[in-house]
Amino acid sequence: MIDVTPSLHVCRRRALQIGLGATLTSTIGLAPASPAFAQDGVKDEDIFRFALNLEYMEAEYYLRGTTGKGIEDSDAGSKPGDVVGGKQVFFETPALGEFMREVAENELAHVRFYRKTLGSDAVDRPAIDFDAGFAAVAKAAGLSADFDPFGNQMNFVLGGMLFEDVGVTAYAGATTVLKNKQFLAAAAGILAVEAYHMGMARSSLYRMGEKAWKAANAISDARDKIDGPDDKDQGIYVDGKANFVPSTPDAIAFTRTPQEVLRIVYLNDQPGVSKGGFYPNGMNGTLRST
């Protein structure tokens with residue numbers, strides 16, 4: 001497990017500018033296609049199954065936080081894994097509760113879209129453990145040992161930020177290599193929705209003040225250390241000002257490979273890991289190992 005000291009003032013844009021030539025193409029500034037996505041044998045359907053695993057987790061998180069219960073059996077597959085943790089959150093700010101309920105509806109719609117699109121090839125919901133996952137997140141980020149993402153509205157949005165930032169970078173990576181134009185159009189559209197979620201979560205946290213800034217930046221730092229050597233993360237408070245949009249100096253979203261995403265959700269920075277963190281038995285499908 002990686003321990004990270006929370007830092008309020010983190011200049012990530014400067015680090016990105018130094019390493020820009022190694023990570024972006026020289027002509028248009030777009031990240032090259034991920035070898036993990038582009039490798040032989042990986043199909044569009046594999047990428048969609050990978051995304052469905054992530055959408056299951058997001059839908060369960062937001063539904064449990066806003067309604068007190070998770071995905072219905074009809075949306076979880078024939079042999080779904082168990083889900084541990086989660087409870088309804090009290091929202092002191094009514095508007096924030098409305099935002100979170102809309103996000104929950106969006107994430108459930110994504111699950112249903114992937115299941116409909118993949119048909120009999122859709123994977124069942126994997127086992128998900130929010131208790132163990134967030135305990136590991138709190139340790140890695142240097143947060144309180146009793147951190148509970150469902151304990152109050154600030155913590156719930158912090159937990160959402162953990163997922164949303166990763167979702168945007170995962171979809172950004174996938175859109176560079178999907179071959180089926182209909183799949184590509186759908187992934188681009190879902191990427192946009194996840195980016196809306198991310199902006200809402202980050203701006204809401206910023207308005208909550210310094211305590212939220214520090215916690216969000218600590219989670220960002222931990223996520224960036226776990227996913228690999230490249231700097232692909234930014235806090236919500238950078239160089240003494242708000243940072244709602246984590247991006248390259250050209251204002252282009254970062255991309256992550258499936259392996260980088262898996263390191264974050266498994267909370268393990270080692271190669272060859274196929275379970276852990278939020279997925280105690282690993283993801284379902286072909287793309288499941290760091």
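Helices (H or I, at least four residues) and strands (E, at least two) are DSSP runs, numbered from the N terminus. Everything below comes from a predicted model, where local features need pLDDT of at least 70, side-chain atom pairs count only at pLDDT 80 or more, and totals for chains, interfaces and linings use all residues. Residues are numbered from 1 along each chain as its sequence is written, and side-chain values use heavy atoms, with hydrogens and water left out.

**View 1. Helices H5 and H7 pack against each other.** Here H5 (residues 94-118) meets H7 (residues 153-174) at an angle of about 40 degrees, and their axes are 12 Å apart. Axes are lines fitted to C-alpha atoms, for helices over the stretch in contact, and angles run from 0 to 180 degrees between N-to-C directions. On the H5 side, look for Leu96, Met100, Val103, Glu107 and Tyr114; H7 brings Gln153, Phe156, Val157, Glu164 and Tyr171 (contact means heavy atoms within 4.5 Å).

**View 2. Helix H8 with its two ends.** After H8 comes Gly209, with a positive phi near 100 degrees.

**View 3. Ala251 and Leu267, two residues with positive phi.** Most residues other than glycine have a negative phi. Ala251, though not a glycine, has a positive phi of about 60 degrees; look for Ala251 in the loop between strand E4 (241-242) and helix H10 (258-266). Leu267 isn't a glycine either, and its phi is positive at about 55 degrees. You'll find Leu267 in the segment after H10. Buried or exposed? Ala251 is exposed, at 62% relative accessible area, while Leu267 is buried, at 8% (buried means under 20%, exposed over 50%, partly exposed in between, with a 1.4 Å probe and protein chains only).

**View 4. Thr290 and the residues around it.** Thr290 also lies in the segment after H10 and is buried, with a relative accessible area of 10%. A polar atom of the Thr290 side chain lies 2.7 Å from the backbone oxygen of Gln270. Leaving aside residues up to four places away in sequence, Thr290 touches Gln259, Leu262, Arg263, Tyr266, Gln270, Pro271, Gly272 and Val273.

How values were computed: The expected span of a helix is 1.5 Å times one less than its number of residues. A polar contact is a pair of N or O atoms within 3.5 Å; within protein, one must be able to donate a hydrogen and the other to accept it, and residues adjacent in sequence count only if both atoms are side-chain atoms.
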